[in-house]
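Subject: Structure handover

Hi,

Here is the structure we talked about. Please open it next to this email and follow along.

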Amino acid sequence: MNELKVKKDFTDIYIQDSPCSYLKEMDRLEYFISDSTKPLYNSIIQQLEETVSRPINVLDLGSSYGINSSLMKYNLTMSELNDFFLNGTEPTKKEAKQFYEECTINDNMNFYQIDISEEALKFSEEMNLCERGINIDLETEKLNLLESLPKIDVVIATGCVGYIGHQAFSNLLKVIKNRQSNSIENGKEYVAPIFAFSVLRMFDMKDIKEVFEMFDYSVVKSDIKPIRQRSFSDSKEKAQTVSILHDMGINTKKYEDDGNFYADFYIAKPKN
Ligand SMILES: C[S@@+](CC[C@H](N)C(=O)[O-])C[C@H]1O[C@@H](n2cnc3c(N)ncnc32)[C@H](O)[C@@H]1O
């Protein structure tokens with residue numbers, strides 16, 4: 001997506017062995033969207049819990065250092081993560097593991113994570129934030145690693161759409177369709193997963209919506225107010241983002257004009 005060029009490049013902090021640089025920069029930019037998407041994902045999971053008598057399998061796209069899992073499975077907040085990782089000297093892996101072990105774990109969900117960053121996934125796996133991390137570029141077709149996953153109930157993505165576009169969703173849905181269409185679980189036919197994800201308002205959803213339609217999904221933008229993602233890193237990032245939004249006919253008065261990126265929340269469900 002061309003709009004991505006407007007955003008500050010964070011590649012260097014996505015690929016460190018430790019999450020500290022990532023959390024430090026996100027704290028500086030007040031990136032707290034994961035606190036806001038947590039209850040939205042949790043409410044979908046709670047509804048599924050009523051229909052499935054096993055832990056809910058969550059696939060987190062662009063999971064980074066297992067941020068969503070830290071918040072949802074380990075009941076933490078961004079500010080608690082920052083307090084632990086950013087106060088004083090950088091914790092060792094042993095200390096970090098102990099930190100997570102002392103949290104209340106929600107056994108009702110299992111996380112599977114995908115990220116292009118091998119380092120971030122390694123950290124997440126070592127901390128038991130996920131059952132398995134899959135190190136792939138979602139934009140490429142090589143998603144056969146997904147074949148070995150258990151049945152996925154919910155696919156989530158916070159702050160990742162934009163890095164990934166319609167091609168990634170098409171690749172994923174192809175694998176899911178192949179895997180799930182002819183499979184049976186406990187005598188019942190597999191139900192395709194629900195997708196729930198945040199998308200910055202400046203990213204055009206047209207192509208992604210078309211892909212979901214092609215795979216017999218209906219996509220709806222949630223009617224909640226746009227969610228604050230993070231502050232702009234500088235005036236150029238703000239000006240270019242606001243200009244893109246105005247070109248799209250989107251009013252920025254109550255939102256981006258205040259100096260922050262805002263995201264919409266989408267839910268895609270299989271039609272049948
Ligand atoms: C803004 S971070 C979001 C991290 C996490 N979800 C959160 O909210 O804190 C975006 C993540 O997407 C990952 N990513 C970017 N392009 C990707 C791709 N093509 N395939 C898989 N992951 C990708 C990055 O490595 C990074 O970890």
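How much space lies in the largest pocket? About 680 Å³. Bear in mind that this is a predicted model.

**The pocket**

The lining of the largest pocket is made up of 34 residues. Closest to the pocket's centre are Y14, D115, G159, C160 and Y163. By class, the pocket lining splits into 16 nonpolar, 10 polar and eight charged residues.

**The ligand**

What takes up the largest pocket? The ligand does. There are 19 residues around the ligand. Those that come nearest are Y22, Y31, G62, D115 and D137. The shell has 10 nonpolar, six polar and three charged residues.

- Y31: a polar side-chain atom lies 2.7 Å from an oxygen atom of the ligand.
- D115: an N or O atom of the side chain is 2.6 Å from a ligand oxygen atom.
- D137: an N or O atom of the side chain is 2.8 Å from a nitrogen atom of the ligand.

How much of the ligand does the protein cover? On its own, the ligand has 600 Å² of accessible area, and the protein covers 96% of that.

**The cavities**

Rolling a probe the size of a water molecule over the atoms shows where empty space is left. How many cavities of 30 Å³ or more does a search of the whole structure find? Three.

The second largest cavity holds about 40 Å³ of space. Its lining consists of K7, G159, C160, V161, S198, V199, L200, F203 and Q229. Strand 7 (residues 194-200) gives the largest share of that lining, with three residues. By class, the lining of this cavity has five nonpolar residues, three polar and one charged.

G159 and C160 line this second largest cavity.

Best wishes

Methods: Residues numbered from 1 in each chain as written. Predicted model: local features only at pLDDT ≥ 70, side-chain atom pairs only at ≥ 80, totals over all residues. Heavy atoms only, no water. Near = heavy atom within 4 Å. Polar contact = N/O pair within 3.5 Å; in protein donor to acceptor, adjacent residues only side chain to side chain. Areas by Shrake-Rupley, 256 points an atom, 1.4 Å probe, with all protein chains shown as cover. 1 Å grid on protein atoms, 1.4 Å probe; cavity = no way out; pocket = protein on both sides within 12 Å on 5 of 7 lines; lining within 4 Å. Sits in = over half its atoms within 2 Å of the grid points. Nonpolar A, V, L, I, M, F, W, Y, C, P; charged D, E, K, R; others polar. Points joined across faces, edges and corners; volume = space filled by probe spheres on them. Helix = DSSP H or I, 4+ residues; strand = E, 2+ residues; numbered from the N terminus.
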